Amino acid sequence: MTSIKQPGEKNLMLFSGRAYPELAEEVAQHVGVSLTPTRLIDFANGEIYARYLESVRGCDAFVIQSHTGPINKWIMEQLIMVDALKRASAKRITVVMPFFGYARQDKKGRGREPITARLMADMFKTAGADRLMSIDLHTSQIQGFFDGPVDHLFAMPVLESYLKNKLDLENTTVVSPDTGRVRLSERWADTLGTPMAFIHKRRDLDVANQVKVNEVVGRVRGRTCVVIDDMIDTAGTICKAADALYEQGATNVITAATHAVFSDPAVDRLKNSRISEVIVTNTLPLSTANRFDKLTVLSIAPLIARAITEVFQDGSVTSLFEGDT
């Protein structure tokens with residue numbers, strides 16, 4: 001079955017790009033549909049061709065693509081898929097991007113810099129997207145960059161459920177690796193019922209991925225510290241945060257993040273770090289080379305599937321996180 005029909009010919013169809021078909025298949029299983037057959041090929045010069053092998057006229061289309069490497073290719077492929085759906089008369093097009101590419105450049109830190117997060121939103125709107133769905137945006141303000149509904153999903157319930165079963169919460173502190181993640185860490189601390197700490201750091205604006213840790217603020221001595229972040233890229237921030245926490249007397253450091261970007265040399269850093277466990281979700285594909293003993297990967301597919309179902313049935317996505325009916 002490649003679609004779900006409701007009275008009035010309402011019709012859900014799910015489409016996947018080539019970046020991470022395994023996640024799309026898992027989402028499809030939870031939704032209860034099959035992925036719509038799609039022909040996606042590269043021309044000799046690298047241009048991408050897309051064609052759907054079934055009629056999509058009048059459907060409620062959900063296009064899933066994880067923005068993994070090579071990131072520019074997969075973003076372009078998703079844009080082309082959206083354009084093809086628009087021109088084939090899909091009724092509503094929802095772009096599902098578990099990881100929102102280019103989200104880190106969400107404001108101008110200095111003159112003559114781009115705001116690529118806004119550019120991404122503009123491109124998908126121009127291509128024909130009616131709605132965006134993503135998980136743990138780098139900053140919540142990105143929701144306002146898109147002129148239409150944005151479903152901002154949170155991986156926190158998935159990660160917290162796992163941690164609650166293995167931590168002594170009375171001896172745990174949630175730690176923000178920088179001031180930009182304090183609000184997220186506050187939500188974690190409120191839900192888990194633990195104290196919160198944060199690390200003050202400075203970043204060299206002229207050198208990407210270079211971090212200097214200055215000070216740890218909060219109760220960490222003799223406690224298990226859970227360092228929270230939205231993504232792990234080169235792992236410089238996380239590893240230096242762990243070192244700083246151990247220097248301040250922490251007995252154990254665990255890190256939990258939504259997006260495992262794992263650009264070099266992240267895996268080597270994490271393997272050789274004093275972090276006891278690295279917990280991530282599968283919003284991005286992880287090759288065998290990027291898996292290691294301390295890594296735990298949790299599936300985000302059920303959450304995405306529930307959100308897709310709520311959108312299709314005109315339900316409440318907020319209810320997934322706040323318990324509303």
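This is a predicted model: local features need pLDDT of at least 70, side-chain atom pairs count only at pLDDT 80 or more; totals for chains, interfaces and linings use all residues.
Leaving out residues up to four places away in sequence, Thr173 touches Pro195, Met196, Ala197, Arg219, Arg223, Thr224, Cys225 and Val226. Contact here means heavy atoms within 4.5 Å. Thr173 sits in strand 9 (residues 172-176); strands (E, at least two residues) and helices (H or I, at least four) are DSSP runs, numbered from the N terminus. With 0% relative accessibility, Thr173 is buried. Buried means under 20% relative accessible area, exposed over 50%, and partly exposed in between (1.4 Å probe, protein chains only). Now show the side chains of Thr173 and Arg223: a polar contact of 2.7 Å joins them. A polar contact is a pair of N or O atoms within 3.5 Å; within protein, one must be able to donate a hydrogen and the other to accept it, and residues adjacent in sequence count only if both atoms are side-chain atoms.

Two notes before moving on. Residues are numbered from 1 along each chain as its sequence is written, and side-chain values use heavy atoms, without hydrogens and water. Local features need pLDDT of at least 70 and side-chain atom pairs count only at pLDDT 80 or more, while totals for chains, interfaces and linings use all residues.

**The annotated site**

Select Arg203, Asp229, Asp233, Thr234, Ala235, Gly236 and Thr237, which an unreviewed UniProt entry annotates as "binding site". UniProt positions follow the numbering used here, feature names are shortened, and annotations may be inferred rather than shown by experiment.

Zoom in on Asp233. It lies in the loop between strand 12 (224-232) and helix 6 (236-247). Asp233 is buried, at 11% relative accessible area. Its side chain makes a polar contact of 2.6 Å with the side chain of Arg104.

**Helix 4**

Go to helix 4 (residues 156-164) and color Met156, Leu159, Glu160 and Leu163, its buried residues. They lie on the same side of helix 4, because they cover an arc of only 95 degrees around the axis. The arc is that of the directions from the helix axis to the C-beta atoms.

**The cores**

Select Leu14, Val27, Phe62, Leu163, Trp188, Ile304 and Ile308. These have the most contacts inside the largest nonpolar core, which has 43 residues. Such a core is a set of buried Ala, Val, Leu, Ile, Met, Phe, Trp, Tyr and Cys residues joined through side-chain atoms within 4.5 Å. Helix 8 (residues 301-312) gives the largest share of this core, eight residues. A second, separate core has 32 residues, including Cys59, Ala61, Val63 and Val82.

Return to Phe62. Neighbours within four places in sequence aside, Phe62 is in contact with Leu12, Met13, Leu14, Phe15, Thr94, Val96, Ile308, Val311 and Phe312.

**Backbone stops**

- Gly69 to Pro70: the peptide bond is cis, with omega near -5 degrees. Pro70 is in the loop between strand 5 (60-64) and helix 2 (71-87).
- Asp264 and Pro265: a cis peptide bond joins them, with omega about 5 degrees. Pro265 lies in the loop between strand 13 and helix 7 (266-271).
- Ser89: phi is positive, about 75 degrees, although Ser89 is not a glycine. Ser89 is in the loop between helix 2 and strand 6 (92-97), partly exposed at 30% relative accessible area.
- Asp136: not a glycine, yet phi is positive at about 45 degrees. Asp136 is in the loop between strand 7 (131-135) and strand 8 (150-153) and is buried, at 12% relative accessible area.
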